[in-house]
Amino acid sequence: METVPKLGNNVPPKKDKLQGKKKKPRRYWEEETTQTAAGASPGPPRKRKRNRELRPQKPKNTHSTKKSRISKKPQVPKKPRERRSPGPQRSLSGAQDPFTGPAPVPVEVVQKFCRIDKSKKLPRSETKIRSRLEAAEAQEEEISVKAARSELLLAEEPGFLEGEDGEDTAKIRQADIVEAVDVASAAKHFDLNLRQFGPYRLNYSRTGRHLAFGGRRGHVAALDWVTKKLMCEINVMEAVRDIRFLHSEALLAVAQNRWLHIYDNQGIELHCIRRCDRITQLEFLPFHFLLATASETGFLTYLDVSVGKIVAALNARAGRLNIMTQNPYNAVIHLGHSNGTVSLWSPAMKEPLAKILCHRGGVRAVAVDSTGTHMATSGLDHQLKIFDLRGTFQPLSARTLPQGAGHLAFSQRGLLAAGTGDVVNIWAGQGKASPPSLEQPYLTHRLLGHVHGLQFCPFEDVLGVGHSGGITSMLVPGAAEPNFDGLESNPYRSRKQRQEWEVKALLEKVPAELICLDPRALAEVDVISLEQEEKERLERLGYNPDTKPPFQPKPKQKGRSSTASLVKRKRKVMDEEHRDKVRQSLEQQPQKQEKAKPMGARPSALDRFVR
Amino acid sequence: MKVKMLSRNPDSYVRETKLDLQRVPRNYDPTLHPFEVPREYVRALNATKLERVFAKPFLASLDGHRDGVSCLAKHPKSLATVLSGACDGEVRIWNLTKRKCIRMIQAHEGFVRGICTHFCGTSFFTVGDDKTVKQWKMDGPSYGEEEEPLHTILGKTVYTGIDHHWKEAVFATCGQQVDIWDEQRTSPICSMTWGFDSISSVKFNPIETFLLGSCASDRNIVLYDMRQATPLKKVILDMRTNTICWNPMEAFIFTAANEDYNLYTFDMRALDTPVMIHMDHVSAVLDVDYSPTGKDFVSASFDKSIRIFPVDKSRSREVYHTKRMQHVICVKWTSDSKYIMCGSDEMNIRLWKANASEKLGVLTSREKAATDYNQRLKEKFQHHPHIKRISRHRHLPKSIYSQIQEQRIMKEARRRKELNRIKHSKPGSVQRVSEKKKRVVAVVK
């Protein structure tokens, strides 16, 4: 294995002539110019602009301070304490605090942390429960504001790539980027020239620190790709179809020609799982500790790696399965089939949760983004489509590629990479939650061989490409989430921290039965079984204890309580109730009639029988 | 071209020396924390299981009495001191931290019927079957002195209960009638009766300190105002009430321990329907005591168990029993709201934790945070069937378990019979009476 870092000075001079007006690469902090970039990358720079807007500006006159602190009124439920001081407060030294009150929070950031869907109506409930729910909602809102405010503390900013006015970012070559960026980032671009062992599949570990790859001709290796320290390198003497890290970098699942094997980071074979045979694709669901395998025999098998049991073996009844991906938002497995459909699977169900007809020909590749809202598919009809996964499964955008994409991958910040032949195209969107716009690619790169595997490295601006010529690590500025969470997946964790994390992760292993399309369903009010329970209760009791008893007038205290007046009062209330009922029914009736009669129909003699 | 790559300085993420704490940068972005709800659910499930694993409420058994323990009293000033009276006329004072008896008095001949402490904690009163009320000093006699009461009042009838006023030097006894005594006098300031029956217990209201409640064997609960010469009102229930206890936080709420296996929480302003019926015992309820927070109370029963009820729930949240504990006669919740004491027939006083799975002792801040977090999770997911099943499960002795089954069948049969009666009679002629109203016979003012 040899590492060939691409350097800027071995660029052929021919190209320089072609691009006559090419400017010298410049670092982004060197000179601040006005942003008029027409060919600017659509994704990352926007956020920077917004950030700049949000930065509180020092007011010219002190009276407008209060208004400029809050960007919009309803977003902050608790008003900053305005009453206390008319102007900015003075301390003992006489210095003014120009930023009084809590920091401002932009609305869209608060929206990101909001967990309660207010459009959903709650079922009829007691006032006690309702008030409790309302209190919980208010608390939730306050929490989301606090969480949004904590975003100010995040240390890192995402990367970006912008062209000069008129310059297309897709024309920028890797060599140029390598030349422009700092040494540490330049070292992340490398090629492994491994022509001998055929097209490679690769996988990054969840922390983004480790890389494992396996070649068709049996070459399996794992390395810490940041320090370039090799962990193990073996030849399994069998075709390797796919390779996947399990929950930590210490375990490695390799789909070999016949069976599924599990190796540790020394390259020692720990298990040979013969119940999973002729596997084509692997997916690991880290929170459920499930290894999903798709086999040539058409079975989708879920293996629980924490106890070593097969949780479910589902027959997809669609022939050979070789396209599989997971939805990282809800752990649903997406399978692509040769009839152009993509089916969604959960281990709890024998049937697919949904089937989406995506293409006219067979499906070649599927990818789902990290928020679980968009799915990108490419098919034999050379189309690349992006679907909305929230309920409707409608295509949002589509485009025809000259060759069609064989491999797709989403990055953490919503960039879409597609491998077509020996070229990798990357598209960017407006941000994390928006779909990538397919008109203009953000970056393109030509490789030494045909693409066989694609994955964005988590928490690094790097795209790993396995191809027939080896492995390429591409620089894609703005691909990754800049700020990781230390308790979830920490690239810099120590051994102790990893052990601690492993124990905690195993303790809160989510049961496989909980995989469904909406992972928040568990926290919502179960209206269906509530109604069922209510019905059963009524049947059991034989009467409804909640119904209002008929009105019984109370006898008056001071001698005016004659039977006639009691009956009168009773009738009065009854009449009132009756009138209310009639009024309600009258209000509903005209709507019904309008619906029943089609517009412009001729009156028929049979209309008189219509009720 | 302008380019910026994500490039972190490892020094800002890795600790400098081994003596430092590990750096843990946080990012609360929901996309970095997927499966929030399922993971919380699993955490809640684990917390519930751990709660049941750590539920070991029994702390100590104080033995020494030579007959069944008939009454208990808390010291108003010292958490560690407890007084108990036995059926052979012996009174013992216990130190809970040492779990030892620190003083022993042969106070009466026959039963010690009631015991109560003075609000300043210097003395205590006992009543017994020998028709006397005795006042004792809390501290023992000095060297060479004999154990003697401060005062002794000889009465005409047997006193069955005693309670001291919460602020003034006044106490009340009950027997044939409710007597209110001044500490300095040997005859009662006033005596109040309503009907002719033996009154089994009398209790002062801790907030509205002039109010008194008593229960008598003619099935009624009578309320008195000390400032008036006559009783206020009374409610007659189906069966006899053994004791009542006032809620220390809500002045008008009290709970009555009844012979019909239930406890009734009443609002004294509206006695015609109880606020809540607490049913879970399978035999007569003998004693009840509120926690100082006023949110829970504990009840002792003839079925050899004690149960803890939340005030607003009709079912108990906890049941305590041991193989050796016999009929529990008296129960007290300690003033720090952490422990429960019960005195039973087989001469022992038992000390329990009020919260079965609570860790005793000083908690570190991380432990505290973890327990708080787990508590919140358990609350959030308490209605999920799997979690509910685990958190509700209690092991019961066979006798109680089979009694519960039997009583369930009986209750079902009664309900079915009532339904049938309504079904087969003229509509409207048989009125359905709610379960709460059924139990109250009458309210007299």
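**The interface and its surroundings**

Guide: In this predicted model, chain A and chain B bury about 5,200 Å² between them, with 56% of that on carbon and sulfur atoms.

Visitor: Which three residues of chain A supply more of the buried area than any other three?
Guide: They are A:Tyr492, A:Glu508 and A:Leu522, which supply 13% of the area that chain A buries against chain B.

Visitor: How many residues of chain A and chain B are in contact?
Guide: On chain A there are 69, and they are in contact with 38 residues of chain B. Contact here requires heavy atoms within 4.5 Å.

Visitor: What makes B:Glu36 and A:Arg520 a salt bridge?
Guide: The rule asks for a side-chain nitrogen of Lys or Arg within 4 Å of a carboxyl oxygen of Asp or Glu. The closest N and O atoms of B:Glu36 and A:Arg520 are 2.9 Å apart, so the pair meets the cut-off. Eight salt bridges are found across the interface of chain A and chain B, and the count over all chains comes to 51.

Visitor: Which elements do the buried residues of H1(B) pack against?
Guide: They pack against helix H8 (495–507) of chain A, and also against helix H2 (365–380) and helix H3 (385–392) of chain B. The buried residues of H1(B) include B:Val37, B:Tyr41, B:Ala44, B:Leu45 and B:Thr48.

Visitor: Why is A:Asp176 called buried?
Guide: Buried means under 20% relative accessible area. A:Asp176 has 7% relative accessibility, and therefore counts as buried. A:Asp176 also forms a salt bridge with A:Arg173, the closest N and O atoms being 3.4 Å apart.

Visitor: Why is A:Glu296 called partly exposed?
Guide: The class lies between under 20% for buried and over 50% for exposed. A:Glu296 has a relative accessible area of 22%, so it is partly exposed. Its salt-bridge partner is A:Arg241, with the closest N and O atoms 3.0 Å apart. The pair links distant parts of the chain, 55 residues apart: A:Arg241 is in strand E9 (residues 240–245) of chain A, and A:Glu296 is in the loop between strand E14 (290–295) and strand E15 (299–304) of chain A.

Visitor: What makes B:Arg113 and B:Asp129 a salt bridge?
Guide: Their closest N and O atoms are 2.8 Å apart, and the limit is 4 Å. B:Arg113 lies in strand E7 (residues 112–117) of chain B and B:Asp129 in the loop between strand E8 (123–128) and strand E9 (132–137) of chain B, so the pair ties together parts 16 residues apart in sequence. With a relative accessible area of 35%, B:Arg113 is partly exposed; B:Asp129, at 26%, is partly exposed as well.

Visitor: Which residues have the most contacts inside the largest nonpolar core?
Guide: They are A:Phe213, A:Val424, A:Ile426, A:Phe456, A:Leu463 and A:Val476, in a core of 42 residues. A second, separate core of 34 residues includes A:Ala316, A:Trp345, A:Val368 and A:Leu389.

Visitor: What does UniProt list for residues 354–440 of chain B?
Guide: The unreviewed entry gives "domain: Sof1-like protein". Over that span the chain is 62% helix and 1% strand.

Note on methods: Residues numbered from 1 in each chain as written. Chains lettered and ligands numbered in written order. Predicted model: local features only at pLDDT ≥ 70, side-chain atom pairs only at ≥ 80, totals over all residues. Heavy atoms only, no water. Buried < 20%, exposed > 50% of the residue type's maximum accessible area, 1.4 Å probe, protein only. Helix = DSSP H or I, 4+ residues; strand = E, 2+ residues; numbered from the N terminus. Core = buried A, V, L, I, M, F, W, Y, C linked by side-chain atoms within 4.5 Å. Buried area = accessible area lost by both parts, 1.4 Å probe. UniProt positions renumbered as here; feature names shortened; annotations may be inferred.
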